[in-house]
Amino acid sequence: MKRLLKGIAVILITFMTMGCDDNMKKDEDQTKDNVMMANIAGTWKGQIETPGQPLEIILNFSEGEERNGTISIPIQNVENIPLSDIVLKSNKVSFMMPLPGQSINFEGTLESNELRGIFTQNGQSFPFVVEKGATNNQAESGQENEDFLSIQTNSGVLYGSILVPKKEDKSPVALIIPGSGPTDRNGNALGLPGKNNSLQLLAEGLADNGIASLRYDKRGAGKNIEATIAEEDMRFDQFVTDAKQWITKLKQDDRFTDVIVIGHSQGSLVGMMAAENSDVSAFISLAGAGRSIDQVLIEQIKTLPDNLYEESQAILEQLKQGGIVNNVSNELLSIFRPSVQPFLISWMQYNPTDEIKQLGIPSLIVNGKNDLQVPVDDAKRLAEAKPDATTLLIDKMNHVLKEAPTDREGNMAAYSDPSLSLAEGFLEGIIEFLGEHDIVVK
């Protein structure tokens, strides 16, 4: 029996056995699957039409009986995340992008060299279209000039981007710890439509002043996507353990003198805990909370309708006692879904004002006066807990270290604008602090 398959090959199948209808059907189905996989194999490039700014995506599918593929989203430093649940049927294609706590699905139709369909994330849907034939190299993902170090953790390898000043002398090195959620090493959150590159700009600014740095993607983002821990198994202490391992790695590197720990947002608490008893030379908190996470959440959800606010309060009270709440309103699942509750319980055990008291090293507390997420009062709480710390409050600076207005729309626009420089006085204040403690190489 001969069948001509346009664009692929001519496959000749001969059946010599009578009464093998089932085997024939299976062979035909397998042939169709192989043809479909051959059609889709290769690199596809296009975009998701998200509001405000389309997201460029790069898909790679391998040929063969096993259905394998990856996705990259360069603007969010998402690189080669393995796809799951790849389904091929006729000219229909569907697959999942597995991220902790998120449901991300693609369903499309294959026509010649174009795959067009719908991207759905947590109930929101947007059209996408990709074309075959693009190349997926490091230049496209913006990482061709980066050097990486790695550490072996108890749950996978973590990679960090190391940036060293051009001069040949030894230099101090800063460990830059990102904030909450699937945030990449440059300070960009996966859920936002664009980049701000705040932590990348910080690293480059430090290098210009003779200070090396290592910054790394959170588990579940960028190069560390494969080191993801199941959401229900994740605990806050894991972040601290990761940071401590990076400190040890840098301390053992002969290129560096002093190690400085810089933590942004959630990374502030991670950093101060990692710095305890770690023989580092200084700690810098950037937009770090001065309260436990349950207190922060209570303030952030005050704008919810009364019924949801009251439910949130009840959930937090239960979590503080170590209990899990299984029945959560749909409107609150993004914050209190049962799978993330064990992590919240582990996080709320720590109060930043208690932890910063444990540090016996020079400390700098930085906050922006236009930060809508972490107000200046949090910096003041940290300063009161550690009176010998230096406090630096930056006019007009928002949570991503850029100058921004106080209105929410204008402030949030800076979260997705990589063209904006770091706020005036921010980098200068850090360099001055380090110089006062003889950490900056003259």
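The following legends describe close-up views of a predicted model.

**View 1. The largest cavity and its lining.**
The structure contains two cavities of 30 Å³ or more. The largest share, three residues, belongs to helix 4.

Strand 4 (residues 55-61) and strand 5 (residues 69-73) run antiparallel and are joined by four bridges. Here Asn 60 is placed opposite Thr 70 of strand 5. Strand 4 is also joined to strand 3 (residues 42-48), again antiparallel, by seven bridges. In this pairing, Asn 60 of strand 4 has Thr 43 opposite. Strand 3 in turn pairs with strand 11 (residues 124-132) in the antiparallel sense over five bridges. Gln 47 has Val 129 of strand 11 as its bridge partner.

**View 2. The salt bridge between Lys 369 and Asp 395.**
The closest N and O atoms of this pair are 2.8 Å apart. Lys 369 lies in the loop between strand 18 (363-368) and helix 10 (376-385), and Asp 395 lies in the loop between strand 19 (390-394) and helix 11 (408-413), so the contact ties together parts that are 26 residues apart in sequence. Lys 369 is partly exposed, with a relative accessible area of 44%, and Asp 395 is partly exposed at 46%.

**View 3. Further salt bridges.**
The structure holds 16 salt bridges. In one of them, the side chains of Arg 291 and Glu 299 meet at 2.7 Å, N to O. Arg 291 counts as buried because its relative accessibility is 10%, under the limit of 20%. Glu 299 is partly exposed, at 39%. Another salt bridge joins Asp 388 and Lys 386 at 3.1 Å, N to O. Asp 388 is exposed, with a relative accessible area of 57%, whereas Lys 386 is buried, at 5%. Elsewhere, salt bridges link Glu 146, Arg 185, Arg 215 and Asp 217 in a network.

Conventions
Residues are numbered from 1 along each chain as its sequence is written. This is a predicted model: local features need pLDDT of at least 70, side-chain atom pairs count only at pLDDT 80 or more; totals for chains, interfaces and linings use all residues. Side-chain values use heavy atoms; hydrogens and water are left out. On a 1 Å grid over the protein atoms alone, a cavity is a set of points where a 1.4 Å probe fits but cannot get out, and a pocket is an open set with protein on both sides within 12 Å along at least five of seven lines; lining residues have an atom within 4 Å of a point. Grid points are joined across faces, edges and corners, and a volume is the space filled by probe spheres set on the points. Helices (H or I, at least four residues) and strands (E, at least two) are DSSP runs, numbered from the N terminus. Two strands pair if DSSP finds at least two bridges between them. A salt bridge is a side-chain nitrogen of Lys or Arg within 4 Å of a carboxyl oxygen of Asp or Glu. Buried means under 20% relative accessible area, exposed over 50%, partly exposed in between (1.4 Å probe, protein chains only).
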